[in-house]
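Please examine the following structure together with its sequence. The account below leads through its architecture step by step.

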Amino acid sequence: MSTTLVRNGTVVTASDRYQGDVYIDRGVVTLIGQGLNLPADTVIDASGLLVMPGGIDVHTHLDMPFGGTTSADDFETGTIAAAHGGTTTIIDFAIQGFGEGLYPAFEGWMKKAEGKAAIDYAFHLIVRELTDLVSGDMDKMTRHEGVTSFKLFMAYPGVFMVDDATIFRALRKTGENGGLVCMHAENGGVIDLLVQEALRKGQKAPKYHALTRPPRAESEATGRAIALAEMAGVPIYIVHLSSADALQKVREARDMGLPAYAETCPQYLFLSYDNYEEPGFNGAKYVMSPPLREKWHQDVLWKGLAKNDLQVISTDHCPFCMDEQKELGKDDFSKIPNGAPGVETRLTLVHNGGVRQNRISLNRFVELCSTTPAKMFGLFPRKGTIAVGSDADIVVFDPNKQQTLGVKTLHMRVDYNPYEGTVVQGAPAFVVSQGRVIVEGDKFVGKRGAGRFIKRGPSLAPAGL
C-alpha cells in the first residue's frame with residue numbers, strides 16, 4: 001500500500017481549523033503535524049486549499065427500480081460522480097421485497113455494488129412489511145451485517161407505505177437492537193386523495209405534483225412520526241425535510257429534549273416551487289417527494305441548519321432522464337418518476353450558498369456534510385473527521401475555484417441538471433479515498449470496484465447530536 005503526504009493545507013474539521021500536514025499510510029491517517037518531511041509515494045501541495053474529511057452522503061438511490069423504470073446512475077457512474085463532487089462514502093437503500101425477509105434485499109444490493117462502486121458504501125434497509133421474520137432479520141442486520149438503520153414510509157400507499165402500528169413496532173425493535181429508524185414523513189393517504197382529485201379535474205401538469213403534496217401533509221406526518229418515537233422511547237431521523245412546517249415539529253421536539261433528528265437536501269435550499277412553472281414539461285425535472293416548496297421556506301431551513309435543528313445535508317440522489325424516463329408522466333404527473341440528480345453537486349452548492357453567504361461556518365459545513373452523517377449512522381470516528389487512525393478519505397477543496405454547473409461538465413448519468421448554468425465558487429482540487437488519490441482536478445483517476453462495503457456500528461443519536 002502506498003503512502004501519501006498532504007502538505008501546507010488548512011485542515012478543517014467540525015471543531016478545528018489549523019495549518020498542517022497530513023501523512024497517510026496504508027489507507028489510514030497516521031500523523032498530523034507541521035513541516036512533515038517524511039518520504040511519500042504521493043505528495044499533494046495543498047497551499048491555499050482546505051483539507052477536509054471526505055463528504056458522506058447518507059441518502060442516495062443508485063440502480064433503484066421505481067415507477068416502471070430504474071434510476072439512471074448505477075453504482076459505478078453514481079459513485080464516480082460522487083467522487084468528483086468530493087463525496088467519499090455513500091449510504092444507499094436496499095428495498096425489501098413483499099413476502100420476503102431482509103436478506104434477499106441486502107444480498108441483491110450488495111451484488112449491485114460489488115465490482116462497481118468506486119468509493120466506500122453502506123446500506124440502509126427499507127422495510128415494507130414487518131413480519132416476525134423481518135423483525136428477526138432487523139436484529140441480525142444490526143448485530144451481524146453492520147446495517148444499523150431502517151427506512152419506513154408514511155407515503156406511497158400500496159408501494160412503500162406502512163401503518164402507524166408497524167412504525168411503532170419497528171421503532172420499539174430499534175430500542176432493543178440499537179438501530180435507527182429513518183422516516184419518509186408525508187401523509188400518503190391524504191396525498192393519494194388529492195392526487196386522484198386533481199387528475200379527475202384534468203390537472204395533469206408537473207406542477208400538480210407539488211400542489212397535491214402540501215407542506216401540512218409533511219408536517220402532520222413529521223409530528224406523528226416523532227410522537228410514535230417518543231412513545232417507543234427511541235430516537236428518530238426524518239429524511240429529506242423540505243418545509244418550514246415540518247421543521248417546526250422537529251424544533252419543538254428537540255426543545256423538549258427529545259432525540260429527534262432531520263436532514264435536508266440542497267434542492268430544498270436552492271430551488272423552489274417556481275421551477276415547476278417552467279414552460280412545457282420542464283417542471284418534470286423537479287418532480288421529487290417531498291416537492292420543492294415556495295421560496296420563503298429556504299431561509300427557514302438555512303436557519304435550522306445554523307442552529308442545529310437540522311443536523312445533516314444529504315442529496316436523495318435519484319436521477320431519471322427527461323427523455324424516456326420522466327416522459328412516462330407526460331400526460332399524468334403522478335406517473336413521473338420521482339427524483340433528481342445531486343450526488344455530485346452537494347459540497348460545491350452548500351459551500352457557495354452557505355459558507356460564502358455567511359449562513360454557516362466552514363466548521364459547520366464539514367459537520368453537516370461529513371461529521372454528523374458519520375456519527376448519526378455508525379461510521380464515526382473511522383470516517384467523518386481527519387484524525388490519527390481515521391480512514392484517509394479526504395477532500396482537498398479549493399474555495400476559490402469557479403465552476404459552471406451543467407449536464408456537459410458534470411458526471412452523473414442523466415440528460416439534465418437542475419442547476420444548469422449556475423456559477424458556483426468552491427470545488428474539490430483533489431479527492432483521496434482509502435489513502436489513494438481518486439480525483440485530480442476534473443479527472444477521475446480511481447478504480448471502479450475499489451469501494452468497500454462498510455459495516456456500521458450503532459448510531460450515536462441516543463447520546464444526542
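The model is a predicted one.

The description begins with the sheet. Eight strands make up an open sheet with parallel pairing, and their order is E6-E9-E10-E11-E12-E13-E14-E15. Strand E6 (55-60) and strand E15 (312-313) are the edge strands, each of them pairing on one side only. In general, the strands of a sheet pair through backbone hydrogen bonds, in either a parallel or an antiparallel manner.

Although E6 is an edge strand, six of its six residues are buried, and the strand is mostly covered.

One of the residues involved is Phe153, whose bridge partner in E12 is His184. E12 is mostly covered, with five of its five residues buried. Leu180, Cys182 and His184 point one way from this strand, whereas Val181 and Met183 point the other way; all are buried.

The loop between strand E12 (180-184) and helix H5 (188-200) contains Asn187. Is this residue buried or exposed? Asn187 has a relative accessible area of 17%, and because the cut-off for burial is under 20%, it counts as buried. Leaving out residues up to four places away in sequence, Asn187 touches Met154, Ala217, Glu220, Ala221 and Arg224. The C-alpha atom of Asn187 is separated by 9.4 Å from that of Phe153, which is 34 residues away along the chain.

Helix H11 (residues 346-355) lies across E6, E9 and E15 and runs at about 110° to E6. How many of the ten residues of H11 are buried? Ten of the ten are, so the helix is largely enclosed by the rest of the structure. Among these buried residues are Arg346, His351 and Asn352.

H11 packs against helix H12 (residues 362-376) at an angle of about 145°, and the two axes are 11 Å apart. The crossing of these helices, H11 and H12, is right-handed. At their contact, Arg346, Leu347, Val350, His351 and Val355 in H11 meet Leu362, Phe365 and Cys369 in H12.

Phe365, a residue of helix H12, is buried, with a relative accessible area of 1%. Apart from residues up to four places away in sequence, Phe365 touches Met52, Leu347, Val350, His351, Val355 and Ile360. Between the C-alpha atoms of Phe365 and Gly354, which are eleven residues apart along the chain, the separation is 7.8 Å.

With neighbours within four places in sequence set aside, the contacts of Leu125 are Ala94, Leu102, Ala105, Phe106, Met141, Val147, Ser149, Phe150 and Lys151.

The cysteines complete the account. A disulfide is a covalent bond between the sulfur atoms of two cysteines, and the structure holds zero disulfides. For Cys318, which is in no disulfide, the nearest cysteine sulfur is that of Cys265, 12 Å away. Cys318 is buried, with a relative accessible area of 3%. Cys369 is likewise in no disulfide, and its nearest cysteine sulfur, that of Cys265, is 11 Å away. Cys369 is buried, with a relative accessible area of 2%.

Notes
Residues are numbered from 1 along each chain as its sequence is written. This is a predicted model: local features need pLDDT of at least 70, side-chain atom pairs count only at pLDDT 80 or more; totals for chains, interfaces and linings use all residues. Side-chain values use heavy atoms; hydrogens and water are left out. Contact means heavy atoms within 4.5 Å. Two strands pair if DSSP finds at least two bridges between them. Helices (H or I, at least four residues) and strands (E, at least two) are DSSP runs, numbered from the N terminus. Axes are lines fitted to C-alpha atoms, for helices over the stretch in contact, and angles run from 0 to 180 degrees between N-to-C directions. A disulfide is a pair of cysteine sulfur atoms within 2.5 Å. Buried means under 20% relative accessible area, exposed over 50%, partly exposed in between (1.4 Å probe, protein chains only). A crossing is left-handed if the near helix is turned anticlockwise from the far one by less than a right angle, and right-handed if clockwise.
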